[in-house]
Amino acid sequence: MKLGMIIMKRDYCEIEKEIAEQGFFSEYLPPCFGLDDKVFMHGPPKKCDLIKPYRFTMSRYSGNNARRSIFLPEVGSYVVARNYIRQHDIIKEIIEFTDNNDVSFSPIVGANDRVMRHEQSYDLIISGHEDNTISSDYIENIAKKIKKATGAKKVLKLDVSNCFSSFYMHMVPAIMLGLEETERAYRASLNSSDKLLEGESYAIYRKYRGLDEVIRQMNLNRTNGLLSGPLISRVIAEGILTRIDLELKEVGFKFSRYVDDYEVYIFEDNINEVINKFTRILKRYGFALNNEKTEVLEFPYYVVENLEKIFYTYTRGKMDVEKLIEMFNRFYSLEHDGTKGAIRFLLKSLEHKPIIPEDPDLYKSFLITIIGNDERSLIKACSLLITQDEIITLTKQDVDIVKSMLEKHIEFENDLEVLWLLHLLIKTGNKSAISSLIKELINSNNELAHIMLLRNDFFNVDKITAISRKASSWILLYELYVSGHITEDEFVSKLNLNKNLEMYRRLKEKEVHFCK
């Protein structure tokens, strides 16, 4: 079944290019990490080496200290997947399939062909371009939900449990074909005389079975698990969830979805029946509900604050001390009263519409205090302190506070937070504050932090020897190899390289790095 007949005109070459080049490193990482497009000129053969992806952790923003795993696939397997996707117009097909899904509030592409980044709070949608702006669609989307919920007695909030890590990869062909047609095509593939082998459905099946194969190579050929981190994973996830949406509609559900979070509109006292039906459909595709996140909202369902309107009210005119305090206190109160992500919204808004406060030190105090108390807002606060360095200067006391925070995050193995605090100190010219923590950083397993330190000349010969001895990730080993700190034989031995070696030789010749 197709979602609709409207096909939007898009520049799919540019969209695919953006997803490939900007979607390798997680959007949560500091901007010093980036993918040089030269990597796509020297890919390994399609059946490339199977090399373990690098894993780091970040807060789940759930308030219970839970951590979320983010992955960096080995670059050779990523290039193989990208080449297959480009050659077979996969991005175009999945986007056209998902474009007209009226229940999804997490589109792959927005206006002007912009690939969307999805902030996991306040349903905030950010485009992937440098001139990006905060979407003003939030209130409009709430209005759409209110209309969908017309006459409903309750709203049932459901969450797919571990959507990415439980993804059964052989389901990839079901994105375009549906489950039954995929199973028929699979059975036909086992019988060389089956007439289905000559049909269009089988051609689609073969194409997406090939996609399944190249995507699995990024994760050691595992059949379960879609790597969270690369943008292509979100494209595939949106595709399979759109297919599931079609089945949910067919059985009569009225609902909305944001990524893997559902809001089902309940019109009768049949919540258990709804959950059972919903569970059965998810199970067909290998998914389950996270029962701990199941929630029933009583009327009124959507009582919201227009954060964008509140922000612009405060930022009109001169930002004196009283107004600055009122603005931060208002968003603090909203967060405390249940508007999750209100503080992050404020910081993201300040990033796109910078202010000139009457008292820069007071503004700085708010940002540093947020870093120490709100993990979900740490990235945005660090980014503001860096980008607004013309009006904000970190004093020795400020640097000592940040250093103390960094020390604690190293101890607790909070990878992403360590990376951002290192990035903050480096970009604000406070490298000396890091020197006394080098031993702790080397002893940690945060190999992205080791790369940042290596690229910023923090290591002498002894320290390089120390990290070289314990290095295990493809990305750190490559950075040591390209910088001449380990030999090619050591590089090959540690990664068991064979088919991907020529690619790495070419990248070294061109002095390609993954961190500025």
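This report describes salt bridges in a predicted model.

Residues are numbered from 1 along each chain as its sequence is written. In this predicted model, local features need pLDDT of at least 70, side-chain atom pairs count only at pLDDT 80 or more, and totals for chains, interfaces and linings use all residues, while side-chain values use heavy atoms, with hydrogens and water left out.

A salt bridge is a side-chain nitrogen of Lys or Arg within 4 Å of a carboxyl oxygen of Asp or Glu.

| Salt bridge | N to O distance |
|---|---|
| glutamate 263 and lysine 145 | 3.7 Å |
| arginine 216 and aspartate 212 | 2.7 Å |
| glutamate 488 and arginine 505 | 2.8 Å |

The salt bridge between glutamate 263 and lysine 145 links distant parts of the chain, 118 residues apart: glutamate 263 belongs to strand β7 (residues 261-266) and lysine 145 to helix α4 (residues 138-148). Helices (H or I, at least four residues) and strands (E, at least two) are DSSP runs, numbered from the N terminus. Glutamate 263 and lysine 145 are both buried; buried means under 20% relative accessible area, exposed over 50%, and partly exposed in between (1.4 Å probe, protein chains only).

Arginine 216 and aspartate 212 are separated by about one helical turn, because they lie 4 residues apart in helix α7 (residues 200-217). Both of these residues, arginine 216 and aspartate 212, are buried.

Glutamate 488 forms a salt bridge with arginine 505. Glutamate 488 lies in helix α22 (residues 488-495) and arginine 505 in helix α23 (residues 501-509), so the pair ties together parts 17 residues apart in sequence. Glutamate 488 is partly exposed, at 26% relative accessible area, and arginine 505 counts as partly exposed at 33%. A network of salt bridges links Glu488, Glu502, Arg505 and Arg506.
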